[in-house]
Amino acid sequence: MNGEGKVRGGFKAVPVTDRIFWVGAIDWELRDFHGYSTSRGSTYNAYLVLGEGNILFDAVKEPFFDEMMARIASVVDPSSIRAVVSNHAEMDHTGSLARLFEAAGPAQVLASASGVRNLDLQMGFHPAALSAVGDGLTASVCGLDLTFIETKMLHWPDSMFTFLPSMNTLVSQDAFGMHLATPELFAFENDPAILLAEAARYYANIIMPYSPLVLKLLDRAASIGLDPDLVLPDHGPVWKKGTSMPPSWIFGRYAHWASMKPTDKAVIVYDTMWHATEKMAHAIADGVSAGGAVPRVHPMKSSHRSDIAADLLEAGALVAGSPTINNGLFPTLSDICTYLKGLRRPDLVGSAFGSYGWSGESVKVLSELLAGMKVTQVGENIGIQFGPDAAQLDRCRAQGLAIAAAISGARG
Ligand code: FEO
(Lines give C-alpha, C1' and ligand atoms only; values in the text may rest on other atoms or scores of the structure.)
Protein backbone atom coordinates (compact mmCIF):
# COMPACT_ATOMS: atom_id res chain seq x y z
CA MET A 1 0.00 0.00 0.00
CA ASN A 2 1.03 3.54 -0.64
CA GLY A 3 -1.15 6.52 0.25
CA GLU A 4 0.55 8.16 3.20
CA GLY A 5 -0.59 11.25 5.05
CA LYS A 6 -3.99 12.89 5.24
CA VAL A 7 -3.46 15.61 2.63
CA ARG A 8 -5.22 15.04 -0.66
CA GLY A 9 -2.71 15.58 -3.42
CA GLY A 10 -0.26 13.99 -5.79
CA PHE A 11 -2.88 11.58 -7.16
CA LYS A 12 -2.28 9.30 -4.17
CA ALA A 13 -5.04 7.71 -2.15
CA VAL A 14 -5.48 9.23 1.30
CA PRO A 15 -6.11 6.87 4.22
CA VAL A 16 -9.23 7.52 6.26
CA THR A 17 -8.46 4.37 8.30
CA ASP A 18 -6.22 1.40 7.58
CA ARG A 19 -9.00 -0.10 5.42
CA ILE A 20 -10.78 2.95 4.02
CA PHE A 21 -9.12 5.24 1.48
CA TRP A 22 -10.27 8.47 -0.12
CA VAL A 23 -9.76 8.06 -3.87
CA GLY A 24 -11.80 10.99 -5.18
CA ALA A 25 -10.82 14.26 -6.82
CA ILE A 26 -10.53 17.93 -5.91
CA ASP A 27 -12.19 20.32 -8.35
CA TRP A 28 -10.45 23.62 -7.68
CA GLU A 29 -12.06 25.22 -10.74
CA LEU A 30 -15.76 24.63 -10.06
CA ARG A 31 -17.63 27.91 -9.67
CA ASP A 32 -21.14 26.90 -10.73
CA PHE A 33 -23.04 23.74 -9.88
CA HIS A 34 -26.23 24.01 -11.92
CA GLY A 35 -26.93 27.54 -10.77
CA TYR A 36 -25.40 27.27 -7.29
CA SER A 37 -22.34 29.49 -6.94
CA THR A 38 -19.51 27.28 -5.65
CA SER A 39 -16.98 29.96 -4.86
CA ARG A 40 -14.65 27.59 -3.01
CA GLY A 41 -14.74 24.76 -5.59
CA SER A 42 -15.64 21.22 -4.57
CA THR A 43 -14.48 17.66 -4.17
CA TYR A 44 -16.01 14.51 -5.62
CA ASN A 45 -15.41 11.90 -2.97
CA ALA A 46 -14.99 8.24 -3.77
CA TYR A 47 -13.99 5.76 -1.08
CA LEU A 48 -12.14 2.50 -1.52
CA VAL A 49 -12.82 -0.06 1.21
CA LEU A 50 -10.61 -3.09 1.47
CA GLY A 51 -12.31 -6.43 2.09
CA GLU A 52 -11.86 -9.93 0.73
CA GLY A 53 -12.43 -8.21 -2.59
CA ASN A 54 -12.42 -4.41 -2.70
CA ILE A 55 -15.42 -2.09 -2.82
CA LEU A 56 -15.69 1.40 -4.29
CA PHE A 57 -18.30 3.72 -2.78
CA ASP A 58 -19.45 6.22 -5.40
CA ALA A 59 -17.17 7.60 -8.08
CA VAL A 60 -16.14 10.94 -9.56
CA LYS A 61 -17.31 13.25 -12.32
CA GLU A 62 -16.19 11.91 -15.70
CA PRO A 63 -13.30 14.36 -16.36
CA PHE A 64 -11.67 13.23 -13.09
CA PHE A 65 -11.67 9.52 -13.99
CA ASP A 66 -7.88 9.32 -14.47
CA GLU A 67 -7.28 10.95 -11.08
CA MET A 68 -9.56 8.47 -9.35
CA MET A 69 -7.89 5.54 -11.08
CA ALA A 70 -4.42 6.79 -10.16
CA ARG A 71 -5.47 7.09 -6.53
CA ILE A 72 -7.00 3.61 -6.53
CA ALA A 73 -3.86 2.23 -8.18
CA SER A 74 -1.73 3.78 -5.44
CA VAL A 75 -3.37 1.30 -3.03
CA VAL A 76 -4.59 -1.73 -5.01
CA ASP A 77 -4.85 -3.01 -8.54
CA PRO A 78 -8.12 -1.46 -9.81
CA SER A 79 -9.16 -4.82 -11.22
CA SER A 80 -9.40 -6.06 -7.62
CA ILE A 81 -12.53 -3.92 -7.16
CA ARG A 82 -15.32 -6.46 -7.12
CA ALA A 83 -18.27 -4.18 -6.28
CA VAL A 84 -19.32 -0.57 -6.60
CA VAL A 85 -21.90 0.84 -4.23
CA SER A 86 -23.65 3.74 -5.96
CA ASN A 87 -25.39 5.66 -3.19
CA HIS A 88 -26.56 8.41 -5.54
CA ALA A 89 -26.94 8.33 -9.31
CA GLU A 90 -26.22 11.97 -10.10
CA MET A 91 -23.52 12.37 -12.70
CA ASP A 92 -20.96 14.01 -10.41
CA HIS A 93 -20.79 10.57 -8.75
CA THR A 94 -21.60 8.22 -11.63
CA GLY A 95 -20.10 10.00 -14.65
CA SER A 96 -16.97 7.86 -14.57
CA LEU A 97 -18.60 4.49 -13.82
CA ALA A 98 -18.88 3.37 -17.44
CA ARG A 99 -15.14 3.98 -17.93
CA LEU A 100 -14.41 2.16 -14.67
CA PHE A 101 -16.29 -0.86 -16.01
CA GLU A 102 -14.36 -0.72 -19.28
CA ALA A 103 -11.02 -0.42 -17.50
CA ALA A 104 -11.46 -2.60 -14.43
CA GLY A 105 -14.67 -4.58 -14.86
CA PRO A 106 -16.13 -4.66 -11.32
CA ALA A 107 -18.51 -7.60 -10.93
CA GLN A 108 -21.53 -5.63 -9.77
CA VAL A 109 -23.01 -2.25 -8.95
CA LEU A 110 -25.29 -2.07 -5.91
CA ALA A 111 -27.83 0.73 -5.79
CA SER A 112 -31.37 1.43 -4.62
CA ALA A 113 -34.14 0.29 -6.98
CA SER A 114 -34.46 3.84 -8.27
CA GLY A 115 -30.68 4.07 -8.55
CA VAL A 116 -30.60 0.93 -10.68
CA ARG A 117 -33.22 2.44 -13.01
CA ASN A 118 -31.28 5.70 -13.26
CA LEU A 119 -27.96 3.96 -13.91
CA ASP A 120 -29.58 1.85 -16.60
CA LEU A 121 -31.01 4.97 -18.24
CA GLN A 122 -27.76 6.92 -17.91
CA MET A 123 -25.32 4.26 -19.04
CA GLY A 124 -27.22 1.31 -20.42
CA PHE A 125 -25.38 -1.09 -18.12
CA HIS A 126 -26.19 -4.72 -18.72
CA PRO A 127 -28.93 -5.52 -16.17
CA ALA A 128 -26.83 -8.42 -14.85
CA ALA A 129 -24.29 -5.89 -13.59
CA LEU A 130 -26.86 -4.01 -11.52
CA SER A 131 -28.28 -5.19 -8.20
CA ALA A 132 -31.04 -3.35 -6.38
CA VAL A 133 -30.77 -3.29 -2.60
CA GLY A 134 -33.71 -2.65 -0.31
CA ASP A 135 -34.09 -0.28 2.58
CA GLY A 136 -32.74 -1.83 5.79
CA LEU A 137 -31.15 -4.77 4.01
CA THR A 138 -27.82 -6.00 5.35
CA ALA A 139 -25.79 -7.92 2.80
CA SER A 140 -22.34 -9.43 2.84
CA VAL A 141 -20.31 -7.86 0.04
CA CYS A 142 -16.64 -8.78 -0.41
CA GLY A 143 -16.72 -10.25 3.10
CA LEU A 144 -18.05 -7.05 4.67
CA ASP A 145 -21.54 -6.49 6.03
CA LEU A 146 -23.20 -3.47 4.41
CA THR A 147 -26.52 -2.05 5.61
CA PHE A 148 -28.43 0.04 3.09
CA ILE A 149 -30.64 2.91 4.27
CA GLU A 150 -32.89 4.53 1.68
CA THR A 151 -32.88 8.33 1.87
CA LYS A 152 -35.34 8.91 -0.94
CA MET A 153 -35.43 12.59 -2.04
CA LEU A 154 -32.33 13.49 -0.05
CA HIS A 155 -31.94 14.78 -2.56
CA TRP A 156 -32.86 12.48 -5.48
CA PRO A 157 -35.29 9.54 -5.56
CA ASP A 158 -32.36 7.12 -5.80
CA SER A 159 -30.41 8.48 -2.80
CA MET A 160 -29.34 6.06 -0.08
CA PHE A 161 -26.77 5.74 2.70
CA THR A 162 -24.58 2.71 3.33
CA PHE A 163 -23.57 1.79 6.88
CA LEU A 164 -20.60 -0.48 7.57
CA PRO A 165 -21.29 -1.93 11.04
CA SER A 166 -17.85 -3.52 11.46
CA MET A 167 -16.24 -0.09 10.90
CA ASN A 168 -19.05 1.96 12.48
CA THR A 169 -18.89 4.12 9.38
CA LEU A 170 -21.66 5.83 7.41
CA VAL A 171 -21.24 6.65 3.73
CA SER A 172 -23.78 9.42 3.31
CA GLN A 173 -23.59 10.57 -0.36
CA ASP A 174 -24.53 14.26 -0.75
CA ALA A 175 -26.00 14.60 2.76
CA PHE A 176 -23.69 16.16 5.36
CA GLY A 177 -21.43 17.36 2.53
CA MET A 178 -20.46 20.73 1.16
CA HIS A 179 -18.86 22.27 -1.90
CA LEU A 180 -15.38 22.99 -0.59
CA ALA A 181 -12.13 22.24 -2.40
CA THR A 182 -9.62 21.56 0.33
CA PRO A 183 -6.56 19.33 0.59
CA GLU A 184 -7.34 18.52 4.24
CA LEU A 185 -9.31 15.30 4.40
CA PHE A 186 -10.92 15.61 7.83
CA ALA A 187 -13.32 18.35 8.87
CA PHE A 188 -11.37 19.10 12.06
CA GLU A 189 -8.33 20.01 9.94
CA ASN A 190 -10.30 22.79 8.24
CA ASP A 191 -11.38 26.27 9.40
CA PRO A 192 -14.65 25.76 11.35
CA ALA A 193 -16.05 29.10 10.17
CA ILE A 194 -15.63 28.03 6.54
CA LEU A 195 -17.15 24.63 7.29
CA LEU A 196 -20.19 26.25 8.88
CA ALA A 197 -20.65 28.71 6.02
CA GLU A 198 -20.26 26.11 3.27
CA ALA A 199 -22.33 23.42 5.00
CA ALA A 200 -25.13 25.98 5.45
CA ARG A 201 -24.90 27.07 1.80
CA TYR A 202 -25.05 23.42 0.74
CA TYR A 203 -28.02 22.73 3.00
CA ALA A 204 -29.87 25.83 1.79
CA ASN A 205 -29.31 25.24 -1.91
CA ILE A 206 -29.58 21.42 -2.08
CA ILE A 207 -31.27 19.97 0.99
CA MET A 208 -33.65 22.67 2.28
CA PRO A 209 -36.72 21.62 0.24
CA TYR A 210 -36.56 18.22 1.90
CA SER A 211 -36.21 19.39 5.50
CA PRO A 212 -39.21 17.35 6.76
CA LEU A 213 -37.44 14.24 5.43
CA VAL A 214 -34.23 15.28 7.18
CA LEU A 215 -36.07 15.40 10.50
CA LYS A 216 -37.55 11.94 9.88
CA LEU A 217 -34.14 10.58 8.94
CA LEU A 218 -32.50 12.00 12.06
CA ASP A 219 -35.29 10.49 14.17
CA ARG A 220 -34.78 7.15 12.49
CA ALA A 221 -31.01 7.33 13.05
CA ALA A 222 -31.56 8.08 16.73
CA SER A 223 -34.13 5.29 17.09
CA ILE A 224 -31.68 2.68 15.78
CA GLY A 225 -28.81 4.12 17.84
CA LEU A 226 -26.76 5.18 14.82
CA ASP A 227 -23.68 6.88 16.26
CA PRO A 228 -20.96 6.50 13.63
CA ASP A 229 -17.27 7.02 14.23
CA LEU A 230 -16.95 8.33 10.68
CA VAL A 231 -19.30 9.98 8.23
CA LEU A 232 -18.05 9.96 4.65
CA PRO A 233 -20.01 12.36 2.41
CA ASP A 234 -19.68 12.71 -1.36
CA HIS A 235 -18.44 16.33 -1.21
CA GLY A 236 -16.15 18.13 1.21
CA PRO A 237 -14.38 16.78 4.28
CA VAL A 238 -14.92 13.67 6.39
CA TRP A 239 -16.51 13.90 9.88
CA LYS A 240 -14.63 11.95 12.56
CA LYS A 241 -15.72 11.21 16.13
CA GLY A 242 -13.38 12.32 18.90
CA THR A 243 -12.28 15.45 17.05
CA SER A 244 -13.44 19.07 17.22
CA MET A 245 -15.67 18.42 14.18
CA PRO A 246 -17.37 15.06 14.83
CA PRO A 247 -20.43 13.60 13.06
CA SER A 248 -22.59 14.90 15.91
CA TRP A 249 -21.66 18.47 14.92
CA ILE A 250 -23.05 18.19 11.41
CA PHE A 251 -26.04 16.11 12.62
CA GLY A 252 -26.81 18.91 15.06
CA ARG A 253 -26.59 21.57 12.35
CA TYR A 254 -28.95 19.52 10.14
CA ALA A 255 -31.44 19.15 13.01
CA HIS A 256 -31.31 22.91 13.56
CA TRP A 257 -31.63 23.88 9.90
CA ALA A 258 -34.35 21.32 9.21
CA SER A 259 -36.45 22.73 12.04
CA MET A 260 -36.87 25.87 9.88
CA LYS A 261 -37.48 28.12 12.86
CA PRO A 262 -37.96 31.77 11.85
CA THR A 263 -35.26 34.16 13.04
CA ASP A 264 -35.19 37.96 13.35
CA LYS A 265 -33.56 38.33 9.92
CA ALA A 266 -35.45 40.02 7.06
CA VAL A 267 -34.08 39.24 3.61
CA ILE A 268 -34.77 42.14 1.23
CA VAL A 269 -34.19 41.38 -2.47
CA TYR A 270 -34.67 44.02 -5.13
CA ASP A 271 -33.50 45.41 -8.43
CA THR A 272 -33.71 48.96 -9.64
CA MET A 273 -33.59 50.97 -12.87
CA TRP A 274 -33.28 54.63 -11.76
CA HIS A 275 -32.62 54.08 -8.02
CA ALA A 276 -36.24 54.59 -6.94
CA THR A 277 -36.86 50.96 -5.92
CA GLU A 278 -33.41 50.99 -4.33
CA LYS A 279 -34.40 53.98 -2.14
CA MET A 280 -37.54 52.12 -1.13
CA ALA A 281 -35.46 49.03 -0.22
CA HIS A 282 -33.16 51.10 1.95
CA ALA A 283 -36.08 52.80 3.72
CA ILE A 284 -37.72 49.41 4.40
CA ALA A 285 -34.38 48.18 5.75
CA ASP A 286 -34.25 51.25 8.04
CA GLY A 287 -37.69 50.37 9.36
CA VAL A 288 -36.79 46.71 9.89
CA SER A 289 -33.74 47.78 11.84
CA ALA A 290 -35.66 50.38 13.87
CA GLY A 291 -38.14 47.64 14.74
CA GLY A 292 -35.40 45.50 16.27
CA ALA A 293 -34.97 43.00 13.42
CA VAL A 294 -31.95 42.49 11.17
CA PRO A 295 -32.21 43.56 7.51
CA ARG A 296 -30.16 41.65 4.94
CA VAL A 297 -30.26 43.72 1.75
CA HIS A 298 -29.54 41.99 -1.55
CA PRO A 299 -29.38 44.19 -4.67
CA MET A 300 -29.83 41.67 -7.48
CA LYS A 301 -27.24 43.40 -9.68
CA SER A 302 -24.52 42.20 -7.32
CA SER A 303 -26.03 39.29 -5.36
CA HIS A 304 -25.99 35.62 -6.29
CA ARG A 305 -29.13 33.58 -5.81
CA SER A 306 -27.29 30.91 -3.82
CA ASP A 307 -26.05 33.51 -1.29
CA ILE A 308 -29.61 34.74 -0.89
CA ALA A 309 -30.79 31.14 -0.37
CA ALA A 310 -28.16 30.75 2.36
CA ASP A 311 -29.44 33.91 4.04
CA LEU A 312 -33.04 32.73 3.78
CA LEU A 313 -32.15 29.43 5.52
CA GLU A 314 -32.12 31.31 8.80
CA ALA A 315 -34.59 34.16 8.26
CA GLY A 316 -38.02 35.29 9.31
CA ALA A 317 -39.04 37.47 6.38
CA LEU A 318 -38.69 37.84 2.64
CA VAL A 319 -39.38 41.27 1.15
CA ALA A 320 -39.14 41.63 -2.62
CA GLY A 321 -38.94 44.77 -4.75
CA SER A 322 -38.97 45.36 -8.49
CA PRO A 323 -39.55 48.24 -10.85
CA THR A 324 -42.10 47.65 -13.57
CA ILE A 325 -40.58 46.98 -16.96
CA ASN A 326 -42.62 46.12 -20.05
CA ASN A 327 -45.70 45.60 -17.86
CA GLY A 328 -43.98 43.05 -15.67
CA LEU A 329 -41.10 42.22 -13.35
CA PHE A 330 -37.46 43.05 -13.73
CA PRO A 331 -35.96 39.71 -14.94
CA THR A 332 -33.63 39.27 -11.94
CA LEU A 333 -36.66 39.18 -9.64
CA SER A 334 -38.26 36.48 -11.79
CA ASP A 335 -35.03 34.50 -11.43
CA ILE A 336 -34.69 34.78 -7.67
CA CYS A 337 -38.39 34.18 -6.98
CA THR A 338 -38.37 31.06 -9.17
CA TYR A 339 -35.27 29.76 -7.41
CA LEU A 340 -36.46 30.49 -3.88
CA LYS A 341 -39.90 29.04 -4.55
CA GLY A 342 -38.25 25.71 -5.36
CA LEU A 343 -36.35 25.75 -2.06
CA ARG A 344 -39.64 25.90 -0.11
CA ARG A 345 -38.56 27.86 2.96
CA PRO A 346 -41.72 27.81 5.12
CA ASP A 347 -43.09 30.19 7.76
CA LEU A 348 -41.94 33.51 6.33
CA VAL A 349 -43.68 36.85 6.49
CA GLY A 350 -43.04 39.49 3.84
CA SER A 351 -44.31 42.01 1.33
CA ALA A 352 -43.74 43.44 -2.15
CA PHE A 353 -42.71 46.89 -3.29
CA GLY A 354 -41.50 48.75 -6.36
CA SER A 355 -41.57 51.92 -8.38
CA TYR A 356 -43.05 52.44 -11.81
CA GLY A 357 -43.41 55.05 -14.52
CA TRP A 358 -46.95 54.47 -15.75
CA SER A 359 -48.56 51.01 -15.54
CA GLY A 360 -47.09 49.58 -12.26
CA GLU A 361 -47.77 45.84 -12.56
CA SER A 362 -44.61 44.65 -10.78
CA VAL A 363 -45.90 44.89 -7.20
CA LYS A 364 -49.00 42.85 -8.00
CA VAL A 365 -46.92 40.23 -9.82
CA LEU A 366 -44.45 40.05 -6.91
CA SER A 367 -47.28 39.76 -4.43
CA GLU A 368 -48.68 36.80 -6.38
CA LEU A 369 -45.24 35.18 -6.45
CA LEU A 370 -44.86 35.62 -2.69
CA ALA A 371 -48.29 34.07 -2.22
CA GLY A 372 -47.14 31.13 -4.38
CA MET A 373 -44.17 30.76 -2.02
CA LYS A 374 -46.59 30.72 0.95
CA VAL A 375 -45.08 33.92 2.36
CA THR A 376 -47.62 35.54 4.70
CA GLN A 377 -47.91 39.14 3.50
CA VAL A 378 -48.17 41.73 6.24
CA GLY A 379 -48.57 45.52 6.32
CA GLU A 380 -48.94 46.86 2.79
CA ASN A 381 -47.47 46.17 -0.62
CA ILE A 382 -46.18 49.52 -1.84
CA GLY A 383 -46.08 50.76 -5.42
CA ILE A 384 -44.78 54.28 -6.03
CA GLN A 385 -44.89 56.24 -9.27
CA PHE A 386 -41.36 57.46 -10.11
CA GLY A 387 -39.05 58.28 -7.18
CA PRO A 388 -40.33 58.21 -3.58
CA ASP A 389 -40.72 61.57 -1.84
CA ALA A 390 -40.16 62.04 1.91
CA ALA A 391 -43.69 60.97 2.83
CA GLN A 392 -43.44 57.87 0.64
CA LEU A 393 -40.11 56.94 2.20
CA ASP A 394 -41.78 57.23 5.61
CA ARG A 395 -44.41 54.80 4.32
CA CYS A 396 -41.61 52.38 3.39
CA ARG A 397 -40.04 52.79 6.85
CA ALA A 398 -43.42 52.05 8.41
CA GLN A 399 -43.60 48.90 6.30
CA GLY A 400 -40.17 47.89 7.60
CA LEU A 401 -41.49 48.35 11.15
CA ALA A 402 -44.52 46.21 10.26
CA ILE A 403 -42.22 43.46 8.97
CA ALA A 404 -40.14 43.58 12.16
CA ALA A 405 -43.28 43.40 14.30
CA ALA A 406 -44.62 40.44 12.29
CA ILE A 407 -41.31 38.60 12.64
CA SER A 408 -41.40 39.18 16.36
CA GLY A 409 -45.01 37.91 16.51
CA ALA A 410 -44.18 34.82 14.45
CA ARG A 411 -41.29 33.97 16.77
CA GLY A 412 -43.51 34.32 19.80
FE1 FEO B 1 -23.28 15.47 -5.58
FE2 FEO B 1 -26.61 15.20 -6.03
O3 FEO B 1 -24.84 15.08 -6.54
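Ala, Val, Leu, Ile, Met, Phe, Trp, Tyr, Cys and Pro count here as nonpolar, Asp, Glu, Lys and Arg as charged, and the others, Gly among them, as polar. The legends below describe close-up views of a predicted model.

**Figure 1. Lining of the largest pocket.** In this predicted model, the largest pocket has a volume of about 290 Å³. Its lining is made up of 16 residues, and those that lie nearest the centre are Met-273, Thr-324, Tyr-356, Gly-357 and Trp-358. Two or more residues of this lining are given by each of helix H8 (276-290) and strand E21 (349-356). By class, the lining of the largest pocket holds eight nonpolar and eight polar residues, with no charged residue.

Figure 2. About 200 Å³ of space lies in the second largest pocket. Its lining consists of Phe-33, His-34, Tyr-36, His-155, Asn-205, Ile-206, Pro-209, Tyr-210, Tyr-339, Gly-342 and Leu-343. The elements that give two or more residues to this lining are helix H5 (192-207) and helix H10 (331-343). Helix H10 provides the largest share, three residues. Domain 1 (14-258) and domain 2 (265-407) each supply at least three residues to the lining of the second largest pocket. Seven of the lining residues are nonpolar and four are polar, while no charged residue is present.

Figure 3. A search of the whole structure finds one cavity of 30 Å³ or more. The largest cavity has a volume of about 40 Å³. Leu-154, Ala-175, Phe-176, Ile-207, Val-214, Leu-217, Leu-218 and Tyr-254 form the lining of the largest cavity. Helix H6 (residues 211-223) accounts for the largest share of this lining, with three residues. The lining of the largest cavity has eight nonpolar residues, with no polar and no charged residues.

Figure 4. His-298 is part of strand E19 (residues 294-299). His-298 counts as buried because its relative accessibility is 11%, and the cut-off for buried is under 20%. When neighbours within four places in sequence are left aside, His-298 is in contact with Val-267, Ile-268, Val-269, Tyr-270, Ser-303, Ile-308 and Asp-311.

**Figure 5. The open sheet of strands E12 to E17.** Six strands, in the order E12-E13-E14-E15-E16-E17, form an open sheet with mixed pairing. Strand E12 (138-141) and strand E17 (239-240) are the edge strands, each pairing on one side only. Within the sheet, strand E15 (residues 169-173) and strand E16 (residues 230-233) run parallel and are joined by four bridges. Thr-169 has Leu-230 as its bridge partner in E16. Strands of a sheet pair through backbone hydrogen bonds, in either a parallel or an antiparallel manner.

**Figure 6. Gly-379 in the loop between strands E22 and E23.** Gly-379 is found in the loop that lies between strand E22 (376-377) and strand E23 (382-385). With a relative accessible area of 67%, Gly-379 is exposed, since the cut-off for exposed is over 50%. Leaving aside neighbours within four places in sequence, Gly-379 is in contact with Gln-399 and Ala-402. Gly-379 and Ala-352 are separated by 27 residues in sequence, and their C-alpha atoms are 10.0 Å apart in space.

Definitions and conventions. Residues are numbered from 1 along each chain as its sequence is written. This is a predicted model: local features need pLDDT of at least 70, side-chain atom pairs count only at pLDDT 80 or more; totals for chains, interfaces and linings use all residues. Side-chain values use heavy atoms; hydrogens and water are left out. On a 1 Å grid over the protein atoms alone, a cavity is a set of points where a 1.4 Å probe fits but cannot get out, and a pocket is an open set with protein on both sides within 12 Å along at least five of seven lines; lining residues have an atom within 4 Å of a point. Grid points are joined across faces, edges and corners, and a volume is the space filled by probe spheres set on the points. Domain bounds come from an automatic or database domain assignment. Buried means under 20% relative accessible area, exposed over 50%, partly exposed in between (1.4 Å probe, protein chains only). Contact means heavy atoms within 4.5 Å. Two strands pair if DSSP finds at least two bridges between them.
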